[in-house]
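Student: I would like to learn how to read a model of this kind, feature by feature. Could we take the ligand, the strands and the database record in turn?

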Amino acid sequence: MKFSVVTIFPEYLEPLRQSLLGRAIEDGLLSVEVHDLREQAFDRHRTVDDSPYGGGAGMVMKPDVWGRALDAWAPPGSTLVVPTPAGRPFTQDVAAELAGAEHLVFACGRYEGIDQRVVQEASTRLPVHELSIGDYVLAGGEAAVLVMVEAVARLLPGVLGNPMSAVTDSFGTGSPGLLEYPSYTRPAEYRGLPVPPVLLSGNHAAVDRWRRDESLRRTARHRPDLIAALDPSSLDERDRAV
Ligand code: SAM
């Protein structure tokens, strides 16, 4: 799979070459290209923004510069992702959907964002996703791209050392709609706090049941909205008692 990022701050995307992603690039599982939007600017100041029609605060990124950038770097067959707080929420399900694409191109906005006609025009020839990583406003799309690329890449075959991690993770297919249970490792006692005894019992069925209970409790505590959205038929008697 190929990830391309278009930005006015190419160096911001350096972390894409670190850690899990760096290894996946070395292993040939994915490739990452970062492009400087200013290469597509028209004037000697390499201007990428202008004042908003209708007045108001801030500057808007110019459609003609973005148009050239997408003509150059978002070829037919690619999928365009536009990070924006005004987009559809980026969730694990969306990450899984994007993991099926061959080539994702991310358009990083700055200032007040990108002239809306860029999305409108690109949508006539490419799948386009306007996606928000949360209900808050960042200064630019770069941090959102780091989040989205990492979430998508770890779902690609071979990227995670143990593919079961993605199944048991929060929002994973193992326990749909639930947060993951808490995890523990050695030592068995830490600052007076013991590991829950069931995890040392060797009884796999009991461990699974404890994990399911903790998962439900944790989800109820931190994300009651997820509990409310659960399909009742996915819950057994014991789940309902938790
Ligand atoms: N005026 C825009 C609004 O209120 O919807 C906010 C623009 S924001 C200051 C600049 C850029 O940061 C956006 O174009 C987008 O690329 C990025 N951005 C900010 N918050 C984001 C979020 N929650 N999710 C994804 N991208 C975000």
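Student: Which of the 19 residues around the ligand come nearest?

Tutor: Keep in mind that this is a predicted model. Of the 19 residues around the ligand, those that come nearest are P83, G109, G113, L138 and G141.

Student: What does the UniProt record place at the "binding site"?

Tutor: The unreviewed UniProt entry places that feature at G109, I133, G134, D135, Y136, V137 and L138. Of these, D135 has its place in the loop between strand 7 (128-132) and helix 5 (142-153), and Y136 lies in that loop between strand 7 and helix 5 as well.

Student: How should I read the pairing of strands, and in which sense, parallel or antiparallel, do strand 1 and strand 2 pair?

Tutor: One asks for the direction, the number of bridges and the residues that face each other. Strand 1 (residues 2-7) and strand 2 (residues 31-36) pair in the parallel sense over six bridges, and F3 has V32 in strand 2 as its bridge partner. Between the two strands the chain passes through helix 1 (residues 19-26), and this β-α-β crossover is right-handed.

Student: Over how many bridges does strand 1 pair with strand 6?

Tutor: Strand 1 and strand 6 (residues 103-107) pair over five bridges, in the parallel sense, with V5 standing opposite F106 in strand 6. As a general point, the side chains of a regular strand alternate between the two faces of the sheet.

Student: And what does the protein chain look like as a whole, in how many helices and strands?

Tutor: Its secondary structure comes to nine helices and nine strands, and the C-alpha trace spans about 70 × 40 × 35 Å along its principal axes. Of the 242 residues, 27% count as buried. The UniProt annotation "domain: tRNA methyltransferase TRMD/TRM10-type", from an unreviewed entry, covers residues 1-228, a stretch that is 32% helix and 18% strand.

Conventions
Residues are numbered from 1 along each chain as its sequence is written. This is a predicted model: local features need pLDDT of at least 70, side-chain atom pairs count only at pLDDT 80 or more; totals for chains, interfaces and linings use all residues. Helices (H or I, at least four residues) and strands (E, at least two) are DSSP runs, numbered from the N terminus. A residue is buried if 20 or more other C-beta atoms lie within 10 Å of its own, exposed if 12 or fewer, and partly exposed in between; C-beta atoms are placed from the backbone. UniProt positions are given in the numbering used here, feature names are shortened, and annotations may be inferred rather than shown by experiment. A residue is near a molecule or strand if its C-beta atom, placed from the backbone, lies within 6 Å of it. Two strands pair if DSSP finds at least two bridges between them. A crossover is right-handed if, with the strands pointing away from the viewer, the path from the first strand over the helix to the second runs clockwise.
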